[in-house]
Amino acid sequence: MEFDLSEELLAMQRTVRDFAAREIAPIAAELDRQPRFPWPTLRRMGELGLLGLTTPEADGGAGLDTLSAVVLLEEIAAADASHATIMSVTSGLPQALLVRHGDDEQRGRWLPRLASGEWIGAFCLSEPHAGSDAAALRTRAEPVPGGYRLNGTKAWITGGGEAQLYLVLALTDPAAGARGVSAFVVEKDQDGITFGAPESKLGQHAAIATSVTFDDCFVPLDQRLGGEGQGFVMAMGSLDGGRIGIAAQSLGIARAAFTAALDYADEREAFGSPVREYQGVSFPLADMATRLDAARLLTQRAAWLRDRGYRVTKEASMAKLFASETAGFVTDAALQVFGGYGYSRDYPVERYYRDARVTRIYEGTSEIQRIVIGRQLYRDRGRGR
Ligand code: CAA
């Protein structure tokens with residue numbers, strides 16, 4: 001078993017860490033207070049290849065493996081969680097689906113724009129009444145001459161109103177349940193697509209999320225991705241990758257909080273000594289470091305297995321579950337190390353605490369991850385995993 005990252009990946013990690021520290025971290029607090037979709041820095045990330053990391057070079061991407069992607073995503077998340085969410089969604093869901101299921105024409109039409117960051121992609125699965133129970137979606141794609149007519153509303157769409165491409169899951173056969181769901185690409189400027197106001201959220205304010213409504217939105221046949229009825233399975237397969245991305249993002253947020261607590265415990269004195277000398281502080285720091293390492297190992301293992309062609313449904317859910325719960329633990333414990341200052345908006349720790357919370361909710365709640373792992377335990381039995 002090899003735990004070292006390659007020299008090449010370590011060099012990329014240093015480059016991205018420097019970039020994120022120089023260009024993203026300094027604007028994170030301001031974006032939190034005055035939320036806006038961070039187009040200028042996203043463009044820079046696009047120039048660096050960070051918005052199409054695993055998209056093949058032939059499609060305009062960086063052509064990296066999943067392990068590289070999670071290492072680099074952690075660096076962006078350590079600087080700002082909102083940037084990491086946008087990065088994870090645009091590359092991990094719409095692009096990954098286009099790479100896996102798009103025909104040559106569809107790949108050529110959309111992937112170079114997405115991978116370069118000229119366009120951002122959004123993923124439209126959740127609906128107001130169908131979050132965890134994703135197969136209960138109601139958005140309808142009714143076959144009409146030359147294509148489909150979409151009607152329905154999607155909820156919590158990261159990049160809503162900002163993204164130029166929407167990967168939409170909709171029912172082509174309402175009687176067939178999950179097997180009646182198909183996937184479509186809808187462009188922002190098509191007739192019949194409108195966006196709600198940005199949701200008012202606890203954290204990750206710059207990762208603007210809105211509802212997206214389709215009202216007799218005509219989608220030509222060549223904008224259906226994959227076959228009719230294949231959309232749900234395709235979406236679940238892409239979430240296997242997406243969830244590894246959210247695990248990496250959780251790690252980045254947690255690492256930022258841990259590093260801040262480590263520095264503070266060294267500087268802050270009480271009762272005549274730096275507070276790190278007291279077990280009340282050093283034990284939580286030890287627990288944070290241990291859980292962070294365990295979360296990183298699970299995340300990188302899931303990525304490593306995916307790169308070797310394994311189905312990683314279980315491992316991705318384990319990584320997402322553990323890393324997001326770790327982010328909750330670490331950001332909370334870091335805030336405690338800071339005492340009253342942790343509760344103040346003058347320090348970044350309360351932002352990490354708020355930003356981390358949603359990692360236990362989106363791309364499948366912790367409860368859904370446990371359902372997925374529980375089911376997969378029996379499916380993987382006898383396969384040596
Ligand atoms: N890979 C491939 N196929 C899969 C799969 C996977 N990981 N998971 C399920 N499938 C297949 C099943 O094999 C089944 O296929 P068959 O019809 O051939 O048997 C089909 O999909 C239906 O699967 P289930 O019977 O397991 O479906 P279910 O209704 O019981 O639901 C669920 C399963 C795991 C609970 C699913 O609904 C789920 O993951 N819910 C959470 C939804 C979610 O994660 N939403 C995230 C929204 S995106 C987001 O948050 C992005 C953002 O903006 C930040």
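Reply: In this predicted model, a polar backbone atom of E363 lies 2.9 Å from an oxygen atom of the ligand. A polar backbone atom of G364 is 3.0 Å from an oxygen atom of the ligand.

Me: Which polar side-chain atom lies 3.4 Å from a nitrogen atom of the ligand?

Reply: That atom belongs to R311. The ligand has 1,100 Å² of accessible area on its own, and the protein covers 76% of that area.

Me: How many residues surround the ligand, and which are the closest?

Reply: The ligand is surrounded by 26 residues, and the closest of them are S132, T158, R179, R243 and R375.

Me: Let us turn to helix packing. At what angle do helix α6 and helix α7 pack?

Reply: Helix α6, residues 231-267, packs against helix α7, residues 279-307, at an angle of about 155°, and their axes are 9 Å apart. Angles over 145 degrees count as roughly antiparallel, so α6 is roughly antiparallel to α7. The contact of α6 with α7 comprises 17 nonpolar, three polar and four charged residues.

Me: Is the crossing of α6 and α7 left-handed or right-handed?

Reply: α6 passes α7 in a left-handed crossing.

Me: How do helix α2 and helix α4 pack?

Reply: Helix α2 (residues 39-47) and helix α4 (residues 81-101) have axes 11 Å apart and pack at an angle of about 50°. That angle makes α2 oblique to α4.

Me: What is the handedness of the crossing of α2 and α4?

Reply: α2 and α4 form a right-handed crossing.

Technical notes: Residues are numbered from 1 along each chain as its sequence is written. This is a predicted model: local features need pLDDT of at least 70, side-chain atom pairs count only at pLDDT 80 or more; totals for chains, interfaces and linings use all residues. Side-chain values use heavy atoms; hydrogens and water are left out. Axes are lines fitted to C-alpha atoms, for helices over the stretch in contact, and angles run from 0 to 180 degrees between N-to-C directions. Helices (H or I, at least four residues) and strands (E, at least two) are DSSP runs, numbered from the N terminus. Angles under 35 degrees count as roughly parallel, over 145 as roughly antiparallel, 65 to 115 as roughly perpendicular and the rest as oblique. A crossing is left-handed if the near helix is turned anticlockwise from the far one by less than a right angle, and right-handed if clockwise. Ala, Val, Leu, Ile, Met, Phe, Trp, Tyr, Cys and Pro count as nonpolar, Asp, Glu, Lys and Arg as charged, and the others, Gly among them, as polar. A residue is near a molecule or strand if one of its heavy atoms lies within 4 Å of it. A polar contact is a pair of N or O atoms within 3.5 Å; within protein, one must be able to donate a hydrogen and the other to accept it, and residues adjacent in sequence count only if both atoms are side-chain atoms. Accessible areas come from the Shrake-Rupley method with a 1.4 Å probe; for residues, only the protein chains shown count as cover.
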